[in-house]
Amino acid sequence: MGEIKSIYPVKIFCGLIYKEEDIVEKTKLKLKEIWGEIDIEEGPFIFDFTNYYQEEMGKNLKRKFISFEKLYIPENVYEWKIITNGIEKNFSENGKRKINIDPGYIDSCKVILLSTKDYYHRIYIGKGIYAELTLYYSKGKYNFLNWTYPDYRTENYINFFVKMREKYRKQILNLKNE
């Protein structure tokens with residue numbers, strides 16, 4: 001029988017898809033109220049990998065990533081997606097979102113995205129939310145899976161996750177030394 005061990009906290013990030021910069025600042029303020037100070041911000045990057053959001057949000061979309069200083073135990077991680085969906089809804093106009101917020105987390109070996117959409121590679125975690133292993137860290141680099149979104153395979157995105165992972169590893173080392 002395997003022994004149950006305590007786990008380390010994880011580092012939360014959000015990918016933001018949007019058209020207008022002002023909504024990003026409003027969204028960041030709301031997210032900071034929930035998860036605290038932002039420690040890494042990357043982008044904006046052109047988001048032209050899919051037309052999925054075009055009808056709702058328009059053309060010429062951008063993506064920005066943010067991560068948060070504080071680490072969290074992912075016990076009720078489904079709540080994170082419910083929270084971000086609420087923020088999206090609050091900033092919507094005429095039933096259309098002005099921003100899409102994709103929350104997730106990293107630990108030392110993986111990048112996890114949270115979703116409301118089920119698919120064969122997603123695991124149900126509660127309250128209508130699924131978790132997806134998007135990238136995994138092995139042999140000194142992030143690696144893709146068959147289902148990894150095309151944009152998550154780009155150098156810009158990978159560089160963000162590398163920075164996050166470096167910061168996270170230092171934070172975990174400090175926790176171990178306390």
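Predicted model: local features only at pLDDT ≥ 70, side-chain atom pairs only at ≥ 80, totals over all residues.
In H1, the buried residues are Ile23, Val24, Thr27, Lys28, Leu31 and Trp35. Buried means under 20% relative accessible area, exposed over 50%, and partly exposed in between (1.4 Å probe, protein chains only). Helices (H or I, at least four residues) and strands (E, at least two) are DSSP runs, numbered from the N terminus.

Residues are numbered from 1 along each chain as its sequence is written, and side-chain values use heavy atoms, with hydrogens and water left out.

The length of H1 fits too. Helix H1 (residues 21–35) has 15 residues, which should span 21 Å at 1.5 Å a residue; its end C-alpha atoms are 21 Å apart, which agrees. The expected span is 1.5 Å times one less than the number of residues.

### Pockets

Rolling a probe the size of a water molecule over the atoms shows where empty space is left. On a 1 Å grid over the protein atoms alone, a pocket is an open set of points where a 1.4 Å probe fits, with protein on both sides within 12 Å along at least five of seven lines; lining residues have an atom within 4 Å of a point. Grid points are joined across faces, edges and corners, and a volume is the space filled by probe spheres set on the points.

The largest pocket has a volume of about 470 Å³. It is lined by 24 residues, and Tyr52, Tyr53, Asp102, Lys117 and Tyr149 are the closest to its centre. Helix H3 (78–90), strand S4 (99–106) and strand S5 (110–115) are the elements that give two or more residues to this lining. The lining divides into 10 nonpolar, 5 polar and 9 charged residues. Here Ala, Val, Leu, Ile, Met, Phe, Trp, Tyr, Cys and Pro count as nonpolar, Asp, Glu, Lys and Arg as charged, and the others, Gly among them, as polar.

The second largest pocket holds about 160 Å³ of space. Its lining includes Tyr8, Val10, Asp107 and Ser108. The largest share, 5 residues, comes from helix H4 (residues 155–177). This lining has 5 nonpolar, 1 polar and 3 charged residues.

### Backbone

The peptide bond from Gly43 to Pro44 is cis, with omega near 15°. Pro44 lies in strand S2 (residues 38–46).

| Residue | Phi | Relative accessible area |
|---|---|---|
| Asn60 | about 60° | 66%, exposed |
| Lys139 | about 55° | 82%, exposed |

Asn60 sits in the loop between helix H2 (54–57) and strand S3 (62–72). Lys139 is in the loop between strand S7 (129–138) and strand S8 (141–144).

Lys96 lies in the loop between H3 and S4. Lys96 is partly exposed, at 42% relative accessibility. The C-alpha atoms of Lys96 and Asn60 are separated by 16 Å, with the two residues 36 apart along the chain.

### Cysteines

The structure holds 0 disulfides, a disulfide being a pair of cysteine sulfur atoms within 2.5 Å. Cys14 is buried at 0% relative accessibility, whereas Cys109 is partly exposed at 36%.
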